[in-house]
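Please open the structure in your viewer and keep the selection tool at hand. The tour moves from stop to stop, saying at each one what to select and what is there.

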Amino acid sequence: MQFISTRGGSLGTYTDVLIEGLAPNGGLAVPAELPRIDAAELDRWRELDYIGLASEVIGLFATDIPRADLARLCESAYGAGRFASPEVVPLSDIGEGLTLVGLSEGPTLAFKDLAMQFLGEGLEYALTKADRVLNVLGATSGDTGSAAEHAVRGRERIAIFMLSPEGRMSPYQRAQMYSLHDENVHNIVVDGVFDECQDLVKRLSEDLDFKRAHHLGAMNSINFGRISAQITYYVWAWLRATDALPEGERAGFEVSFAVPSGNFGNILSGQYARLMGVPIRRLVLAVNENNVLDDFFRTGVYRPRSAEQTLATSSPSMDVSRASNLERFVFELLGRDPERTAAAWQELSATGQIDLSAERHRFESEFGIVSGTSTHADRLATIRSFAETASVVLDPHTADGVKVAREYTESGVPMLVLETAKSPKFADTITEALGEAVPVDPATRALLEAQQRTADMPNDENPLRAYIGEHALR
Ligand SMILES: *Cc1c(COP(=O)(O)O)cnc(C)c1O
């Protein structure tokens, strides 16, 4: 399968876009043609475990990786106890017609592990084939950095330099990153806020000589490897949700998904699953107070906000006001026309917005997308309510998903809410919601008490350049 840019031009094969990320013209990599999955194939996949299913789904895109190799990559990513649940992604009923899809069984207790664990394997494979090394440079405010570090720790051809803002992450998030002592993991703690960390990354990545000399790259949410790996759990969840139906009723049986969203990466994978033929009725997009995407899906006008206008909320991994993956959806919306897509992003740079209100009526009818916003008060009330009725402690992001999902439930249509993180990561908010501190389990306590290792720096690119110069793989 070949890949193209949303703004025109071809980009090569799957392993090429795995390493490269952004297209040279600023566009994003998308498959030249979306594969189709028919009902008979879905039914054949019913017998597979998560590892086998991942190999089938990712294999639709990764046609340049021999199937036996791909199966081995998926085995390493999802097997051998890396995920706490033997099913990798367990489903559980929480009442009111809602089912939680457990995406947070991985090493960092957030859904990003499902994509990152695969990307770590895939990158190492692609780099070995090309005889290259990669120094991943990134900035994190929490979940992405730890998932990336846990996916590349101990690898031979990848090192990671992850910038984080001093004192801005939860104690649990800090411990997950800073307690890693692998030689190829570099936690760089910057005396500044997240945006300043991101600016430093941007400046170094835009210095093309420096970037090339030090083999710098990224594992961020626009990487198509992550998007493709995430499609697997939409297929998996549909299969598990329909297992109990009489055989004759399974084909075409529709379910809906609710997705706590930030960069639009997770729900985009759901949109691809739907376009590929998985029977998905609605994709319910849930956002927090940073509700740029809810505004977009209600009005058809996309108006991203600046970093200063982005609020710090109690579902911090969704504090995004510029959804980097939205361009891939707009590309589909505009009939996969690279010229219209490029024009839309030109309009954005010229006017600060993209007006797609003429297409708005198609968001739900053609793409199944509806949306809603959840606030701090909603989040707390939702956590409290399900702790009482279902004895489950939702994490704040998942609570946003549940809150909005409740507004769109329909009788006869299972509503599958994606659990994007586990509650111990956000103990303060849980305590606020439940009115009492949640007991800390022994594993969490051990993690919080483990010795931490960081490189501390001022908000200045020169010491960062020197550090990378000294520690980067060559
Ligand atoms: C990253 C993240 C999200 C948002 O996912 P996107 O793919 O950026 O839309 C939601 N919840 C949690 C816990 C996350 O870590």
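This is a predicted model: local features need pLDDT of at least 70, side-chain atom pairs count only at pLDDT 80 or more; totals for chains, interfaces and linings use all residues.

Residues are numbered from 1 along each chain as its sequence is written, and side-chain values use heavy atoms, with hydrogens and water left out.

Next, select Lys 112, which places a polar side-chain atom 2.5 Å from an oxygen atom of the ligand, a polar contact being a pair of N or O atoms within 3.5 Å. Then move to Phe 264, where a polar backbone atom lies 3.1 Å from a ligand oxygen atom, and to Gly 265, whose backbone N or O atom is 3.2 Å from an oxygen atom of the ligand. On its own the ligand has 380 Å² of accessible area, and the protein covers 97% of it (areas by the Shrake-Rupley method with a 1.4 Å probe).

Now select the open parallel sheet, whose five strands follow the order β9-β6-β7-β8-β16; strands are DSSP runs of E with at least two residues, and helices are runs of H or I with at least four, numbered from the N terminus, while two strands pair if DSSP finds at least two bridges between them. At its edges, β9 (216-217) and β16 (455-458) each pair on one side only. Strand β8 (residues 185-191) runs parallel to β16 and is joined to it by four bridges, and selecting Asp 191 shows it opposite Pro 458 in β16.

Finally, select the open antiparallel sheet of three strands, in the order β2-β1-β3. Here β2 (10-12) and β3 (29-31) stand at the edges with a single partner strand each, so one side of each is left without a neighbour in the sheet. Strand β1 (residues 3-5) pairs with β3 in the antiparallel sense over three bridges, and Ser 5 stands opposite Ala 29 in β3.

Technical notes
A polar contact is a pair of N or O atoms within 3.5 Å; within protein, one must be able to donate a hydrogen and the other to accept it, and residues adjacent in sequence count only if both atoms are side-chain atoms.
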